[in-house]
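Reader: Before we look at the model, I would like to go through the labels one at a time and ask what each of them rests on.

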Amino acid sequence: MRNILISGGSVAGLTLAFWLREHGFAVTVVERSPALRDGGYKIDIRGAALDVVGRMGLLDEVRRRGTDMRIARFVDARGRQLGTMDARLFGGREGDDVEIMRGDLAGLLYAAAGSGVEYVFDDSITSLNETPKGVRVTFASGPPRTFDLVVGADGLHSNVRALAFGEESRFVHDLGHHISIFTVPNHLHLDRTEMMHPAPGRSAGMYSTGDADDAKAMFLFSSPPLAYDRRDVARQKKLLADAFSGQGWEVPRLLDAMEDAPDFYLDSISQVRMDRWSSGRVALVGDAAYAASPASGQGTSLALVGAYVLAGCLAEAAGDHAAAFAAYEREMRHFAEENQKLAANNLKGMVLKSATQIKFQMLMLRLMPHLPGRNRMIERITEPIRRAATAITIRDYRTPASR
């Protein structure tokens, strides 16, 4: 059980490749994109995930590349300031928590895995056929190959999950909202600042990080499930434009810039819930297995920790993949579920239902610096995140060689 194929070259897949290589496995990563995907949005690393990054020797570099965001400003339809919040509190970060751009983290993970990993870009899996000798894999472009094990690290809409476990509709649970993010010119000249314009049922924002020349536009809106082809970008852009039609502030200008954005992204805010994360010689990790949704703020941490645990369990099992997958689920299940619980409550504060709720939230922002017990209020905000982020003990895995 030493020859492993990973589908997906983002955080979960790259972290798994690093740790499998460290444990002496032969690793191949197949990625649908023609090259490593850079860019993306800002992500958080907290709690147990910081321990994993530290064990990879990347923590200092991750901190050096942090976004260095300073403040979040809330504005009305005419651009008038309604309230402000410290950027760390806005992101639910405290202590050693760090925020980094997804593309920067992926680049660090890719470099750390080094030349000991085989990468196959611009290709994807089309079928999985388990045999007594392994998993026979066919690809969209390359020739068929056989691997001892296959791991799906290919996100919310996992191809491996569909092939090995069944239809996506059985596992992906829509939380009643959509999110869209894309790159835009920094016409507001933002400097480590996040601007947010809340409206009933929808929220639009724009931010620029420490070293960026451009900015990111972000849109959140409540909605029933929307029917569209994920490859039909024009249809997705129209859905977003319709959802924010008539909204003020910079929204019309951001929607105009959407047409030229090189990295337009729109998807439902959804979670993946499964009774098991493995089937025979196939397993899932990260969003493919237990997506917590962007509303949780913990997707990246789940990917980092899950990949570390899966690789460690495979190393300890000395070739018994069934025992390894069972141990991986035992160790990760509680951690995944605790982090998924964050999403529903977080969404209530991210997309407010009424103008009255928005007014009250802005009033509290203005009053908070002057209220007695301010620190206790902040602790109540961050405590659920801290508790979920540390709901697993990161242990050392004893391989056959170490035993």
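Predicted model: local features only at pLDDT ≥ 70, side-chain atom pairs only at ≥ 80, totals over all residues.

Reader: Why is Thr300 called buried?

Author: Its relative accessibility is 11%, and the term applies to values under 20%, so Thr300 counts as buried.

Reader: What makes Leu367 partly exposed?

Author: Leu367, which is found in helix α13, has a relative accessible area of 35%; because buried means under 20% and exposed means over 50%, this residue is placed in between, as partly exposed. Together with Phe360 and Leu363, Leu367 makes a nonpolar surface patch of about 270 Å².

Reader: How do you know that Arg64 and Glu61 form a salt bridge?

Author: Their closest N and O atoms are 2.6 Å apart, and the limit for such a pair is 4 Å, so the pair qualifies as a salt bridge. Both residues lie in helix α3, three residues apart, or about one turn of the helix. Arg64 is exposed at 58% relative accessibility, whereas Glu61 is partly exposed at 24%.

Reader: What makes Asp97 and Arg46 a salt bridge that links distant parts of the chain?

Author: The closest N and O atoms of Asp97 and Arg46 are 3.7 Å apart, which is within the 4 Å limit, so the term applies. Asp97 sits in the loop between α4 and β6, and Arg46 in the loop between β3 and α2, 51 residues apart. Both Asp97 and Arg46 are buried.

Reader: Why is Glu329, the salt-bridge partner of Arg333, called buried?

Author: Glu329 has a relative accessible area of 15%, and the cut-off is 20%, so it counts as buried. The closest N and O atoms of Arg333 and Glu329 are 3.2 Å apart, and both residues lie in helix α11, four residues apart.

Reader: Which residues touch the most other members of the largest nonpolar core?

Author: Of its 84 residues, these are Ile45, Val285, Val305 and Met332, while helix α10 supplies the largest share, 12 residues. Leaving aside neighbours within four places in sequence, Met332 is in contact with residues including Trp277, Tyr290, Leu302 and Val305.

Methods. Residues numbered from 1 in each chain as written. Heavy atoms only, no water. Core = buried A, V, L, I, M, F, W, Y, C linked by side-chain atoms within 4.5 Å. Buried < 20%, exposed > 50% of the residue type's maximum accessible area, 1.4 Å probe, protein only. Helix = DSSP H or I, 4+ residues; strand = E, 2+ residues; numbered from the N terminus. Contact = heavy atoms within 4.5 Å. Patch = residues over 30% accessible without salt bridge, like charges linked within 9 Å, V, L, I, M, F, W, Y side chains within 5 Å. Areas by Shrake-Rupley, 256 points an atom, 1.4 Å probe, with all protein chains shown as cover. Salt bridge = Lys/Arg side-chain N within 4 Å of Asp/Glu carboxyl O.
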